[in-house]
Amino acid sequence: MKRFLAIFILVCTSIFLSIGVPVLIHGNGTVEMEGQEGLVEQNITGFSFRRHTAVRIYQEGKLIGTLSSPSVLNHFLKETYEKEYEKDYPDSELNTGADVNVVKEETNITYENADDAILSYLKKNHLFTLKCEAVEFADSTAVYDRIYVLKKSLFTESLHDFLCLFVSEDELKELKNDSVNTSLNSYGSVPVSLRIDQKITYHTAYAPVNEVYTDKDAVFQYLCYGHDTKPVYDTVEGQDTLDGFAARQGLTREQLIRINPDRLNENSTSVITGSSLCVTYLESPLTVTVVKHRLVNETEDPALSYVVNDAMAQEGESVLQEGEAGSENCLYEETWINGILMKGTLISSYTVKEKTDEIIAIKDDHTPLSGTGSWIMPVDHALILAGFEDYADHEGIDLINQYDRYGDVKAADTGTVAAVGYDETEGSYCVIDHHNGYYSHYGHLNNSASVQVGDTVQRGQVIGQIGASGSAPGAMLLFYITQDGSDTHLNACDGFMDCEAYQQE
């Protein structure tokens with residue numbers, strides 16, 4: 001009898017173990033016992049000697065519930081996609097969310113039907129992903145960013161538009177076909193190469209629905225500013241010119257047009273008072289490097305020298321040889337990164353007109369040197385960022401050195417340093433008395449001027465470096481002229497020097 005009882009107990013135990021509580025081991029190392037309480041209320045209804053497939057749905061390792069059959073979920077995803085997503089996300093399909101695990105398992109336990117509650121939980125919590133195309137950006141070490149687009153063509157078309165911010169449509173086509181004509185027969189520039197410094201790869205993926213781009217403009221905006229940057233807008237004021245408004249933001253006209261393609265174009269010459277324009281320059285996840293060749297005609301300023309002539313009847317100066325500027329045709333190779341000119345290297349040059357140096361006789365070495373009246377641009381490779389009165393209270397011209405952001409500042413004419421100091425608006429400044437009734441002013445210098453009050457400076461002598469001191473929004477030189485006994489600012493481009501060649505194109 002005891003032997004029979006022992007055999008009976010052993011058989012019952014074996015049956016229980018065969019239909020009992022299996023152990024589930026998840027990929028994250030957590031252990032779940034079958035029959036655990038789910039996020040959706042669902043009771044065990046019994047046991048069966050015939051094993052069947054249970055479909056358990058987990059969210060971040062926590063059981064949501066067990067579906068009645070494998071086909072239920074597939075049908076639900078297909079139906080939900082067709083009803084709610086197909087219109088906005090065509091030619092795709094729906095899947096469960098990235099933090100949802102679907103576990104299929106053979107079991108003897110039966111559950112009450114909670115399909116509607118489980119599927120409602122998925123829908124309520126938006127636990128879906130959408131089939132799409134992942135676009136990944138990698139540098140030399142690793143993938144550093146990615147976006148999801150419904151179709152690859154959506155990204156490639158947006159990328160094309162983004163590249164056309166830096167070269168024209170025709171130039172981009174020629175560069176892609178390696179058919180660009182790099183020879184220059186007239187003044188101007190031509191792109192000779194374009195490259196994206198990162199590697200772009202594509203692969204099919206599933207992503208949360210709200211992370212999938214379906215709009216070309218949105219992808220273009222991402223390429224301009226990435227995920228996090230929110231562009232800032234500013235209002236055009238009454239006295240603003242196009243150049244003036246741009247300069248107030250530390251931008252060139254070209255850069256302002258580039259970041260406002262919907263409001264401005266290359267033919268824009270003015271802005272409307274009260275209109276709002278983007279003033280945040282590109283902060284793209286991509287680095288687009290364009291190399292250009294530029295042919296320009298550059299003025300070669302005459303050298304200035306003094307000779308002592310003791311035989312002169314009185315103190316003063318006498319012009320022995322008039323100076324005359326020459327000119328050169330110069331070919332530069334320019335490197336532009338995301339539309340910002342970073343470097344210019346001289347490739348070749350030839351003289352168009354020989355310069356004639358100026359020679360002036362003076363009584364002795366202590367003779368005060370007066371201005372020659374022949375003014376030169378105070379920076380090399382100059383570009384006028386903003387002209388005189390291009391925006392409110394701007395009584396000067398803003399200059400940049402296109403090839404050297406913090407390049408040298410030179411005396412525009414000969415004279416004596418009258419003042420150096422710092423002002424909240426003009427920043428570090430220098431004033432030169434030219435002893436002919438005129439004073440030249442140089443503002444926004446980087447650190448202090450390299451000359452001192454009382455120093456004699458000759459035309460073209462370095463007196464400091466370009467900076468962003470005072471109220472300057474970026475590296476630039478503020479330059480203007482005054483007369484004896486007057487605080488009125490005079491426009492250096494109005495009769496003092498020829499500024500036409502230095503205007504923005």
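This is a predicted model: local features need pLDDT of at least 70, side-chain atom pairs count only at pLDDT 80 or more; totals for chains, interfaces and linings use all residues.
Tutor: Residues are numbered from 1 along each chain as its sequence is written, and side-chain values use heavy atoms, with hydrogens and water left out.

Student: Why is lysine 410 called buried?

Tutor: Buried means under 20% relative accessible area, exposed over 50%, and partly exposed in between (1.4 Å probe, protein chains only). Lysine 410 has 14%, so it counts as buried.

Student: And what makes tyrosine 350 exposed?

Tutor: Its relative accessible area is 51%, and the cut-off is over 50%, so tyrosine 350 counts as exposed.

Student: Where does tyrosine 350 lie?

Tutor: In strand E18, residues 340-353. Strands (E, at least two residues) are DSSP runs, numbered from the N terminus.

Student: How do you know that E17 and E18 pair?

Tutor: Two strands pair if DSSP finds at least two bridges between them. Here 11 bridges join strand E17 (residues 326-337) to E18, so the two are paired, and they run antiparallel. Leucine 331 stands opposite serine 348 in E18.

Student: What order do the strands of that open sheet take?

Tutor: The 4 strands go E9-E14-E17-E18, with antiparallel pairing. Strand E9 (188-196) and E18 are the edge strands, each pairing on one side only.
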